[in-house]
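Have a look at it first, then work through each solution step by step.

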Amino acid sequence: MKIAVCIKQVPGTAQVEIDEKTGVLKRDGVESKMNPYDLYAMETALRFKQDYGATVDVITMGPPQCEAIVREAFMMGVDRGIILSDRKFGGADVLATSYTLSQGIRKAGNYELIICGKQTTDGDTAQVGAELAEFLGIPHVTNVCRVLKVEGKSITVDLDLPMHIETAAIQFPCLITVEKGIFEPRLPSFKLKLATADRKIEWLALKDLDDRNEMHYGLNGSPTQVKRIFPPESHSGRDMWEGSSGELAGRLFQMLKDKKFLQQAR
Amino acid sequence: MMNNQYKAIDPVDIDYLRSVCGAERVIAGKDVNDDYCHDELAGIHCRPDVLIKPQSTAVVSVVMKYAFEQNIPVTPRGQGTGLVGGSVPIFGGIMLDMSGMNRILELDEDNLMLTLEPGVLLLEISKFVEDRGLFYPPDPGEKTATIGGNISTNAGGMRAVKYGVTRDYVRGLEVVLADGRIVEFGGKVVKNSSGYSMKDIIVGSEGTLAVVTKAVLRLLPLPKFKLSLLVPFPDLSSAIETVPKIIKSRSIPTAVEFMQREVILAAEEFLGRKFPDNSSDAYLLLTFDGASKEEIDLAYHDAAQTCLNAGALDVFISNTQERNESIWAARGAFLEAIKASTTGMDECDVVVPRRCVAEFIKFASSLQDKYHIRIRSFGHAGDGNLHIYALRDQLGEEEWKHTLGQVFNEMYGRARELGGQVSGEHGIGFAKKGFLADSLGVDIIGLTRGIKAAFDPKNILNPGKICSG
């Protein structure tokens, strides 16, 4: 089985600065890391590799410094890395990103399974996986929280939906996006770091893709208009309660319920 | 012999204490919550006759003055997270719940000192200073402990290898003496050769000499970059024997912890989440910090190579908040997880010279077969402080006490032979008094009691702890 995992480099902390005019992330001078949700996607793929003998490729789009996360993927056991990097890809919204990834994946090979994380920690849109599947013309399911079985030409998974768990069987080739916690991601290995230090990474630019129309990529290919971007409001009030443990527990339960922090029990 | 004859608390005392402390701050008799009658491990349960929640040094002073005149025992308490019964009021009397005195009073950025009240929690300190680019290095596992409790036990924690322990960061203390006088020891000075270092006698005195009401802590600039290495080994011996090689190499880790597979599995079950790796029998966990990424990269490469050369199966790198969280969440839950896996347990918190760690752990482990009980351990391999737990499991009360006594005698005996001490960081409290007396010997215990008598002639401050009757 050939598996591709889509990964992204994101800022290392939650304090992300965003250019207020363009709505684009300011990456200069910011420590970065692999999108934490992508670690779950990669771990899922690496378990398939262990259990079924798959090969795992990672593909990412970004500026040249995103090589760091591909190297890190190698340190976790990934076989091959592909980077889509071109100034013309810059400023892409989810649609242009998904399209660029779909072009890159078509170029990279025929995959039975494409795995994406639930979302990224910088944009938080959670749309790229689904849009990518549409561009590739393959079926997809999102919110995968468990893999039940892999049999012949299909995979059976549980989907963690707001009010219930849905079990779905989906035929290859397909795309799944996985939930945080589906597996505990492994840590990068120093031994693999030494062993893969010289491994080549494949770089793809616009000229390497089938569709070379600039208007389909980057800012040009992005219909999204960012009106305003701002950090979410936060409150740090403190409320001290005194009372018996029974009273306090009841009061706390009521407060969590009123503020809608409690999900309906399944 | 020290005095243990105290006046029993009566309604007149309660009325007086209510009049000076405020009625709502004085809780008497059965209204005292059971939480105040025990700590997290020591297995003793004693009820204070009256619980006082002071809000100021002045109130502590008034209470001590009264207790001194009336000959009533007083036990100060932080969050009750101790493990040796230090905060349990063995003789009843007054308990001072210091957790309400929890204000951060001043951050002096010119002197890099933080002044605070004793009830501030460790997790509040680290949040406060780290938000401002500063660093309070002592890092005990129990983050909901108060700084007052940490000062009282001279708490250590994970970063001791590189940064030292609580005592190294206490610069000044305001304390209330047994008779109610308020004095200050030390201050915002870096050097001090002015007579006996009284603040250092108070640190680690477990509330037996005075009540700490204010502390001045030394801070450092925050090292911006952190990285941990989780290093699997084929067995515990090869893991522990690698530690001196790492310490000898150029880079000093902030922490060197060892852990065994069985403890990791217990933590996984307890937390309901998986550890990043559980395939090996033994692990070392190394942490590095530094001002730049380059500095850390250099340090960890050296250490990783040292480990591989010493027989490590691999070296896993934890370089992001999420990864560190997945490791340290488990590490932080070890104690609770072991506790949940058995019916009862007791702990040996010995500290031995670093080069003897491997020998001591092997010895402790060998007692499992000899006495037919389960023994679990994890701890700070880098500073020689071990946490070894004897588990009760199916043993009956008498059998458990008997076996535990034998096992602990063996362990403390061996620690003594190796040049070790009874407690690395949890203190003596009530539970380890006998072992301390054996370990220190008559002369030193005599001196210790002399110091106790100088501070507390009526033996009313936390009686029955460390060295007092």
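**Exercise 1.** Find the bridge partner of Ile27(B) in β2(B).

Solution. The bridge partner of Ile27(B) in β2(B) is Leu51(B). Next, look at the strands themselves: β1(B) and β2(B) (residues 50-52) run antiparallel and are joined by three bridges. Strands here are DSSP runs of E with at least two residues, and helices are runs of H or I with at least four, numbered from the N terminus. Two strands count as paired if DSSP finds at least two bridges between them.

A word on the model: it is predicted, so local features need pLDDT of at least 70, side-chain atom pairs count only at pLDDT 80 or more, and totals for chains, interfaces and linings use all residues. Residues are numbered from 1 along each chain as its sequence is written, while chains are lettered from A and ligands numbered from 1 in the order in which they are written.

**Exercise 2.** Work out the strand order of the open sheet of four strands in chain B.

Solution. The order is β1-β2-β4-β3, with mixed pairing. β1 (26-28) and β3 (74-77) of chain B are at the edges with a single partner strand each, so one side of each has no neighbour in the sheet.

**Exercise 3.** Decide whether strand β5 of chain B is largely in the open, and find its partner.

Solution. β5(B) (residues 104-108) lies largely in the open, because zero of its five residues are buried (20 or more other C-beta atoms within 10 Å of a residue's own, C-beta atoms being placed from the backbone). β5(B) pairs with β6(B) (residues 113-116) in the antiparallel sense over four bridges. Within this pairing, Ile104(B) has Leu116(B) as its bridge partner.

Definitions and conventions: A residue is buried if 20 or more other C-beta atoms lie within 10 Å of its own, exposed if 12 or fewer, and partly exposed in between; C-beta atoms are placed from the backbone.
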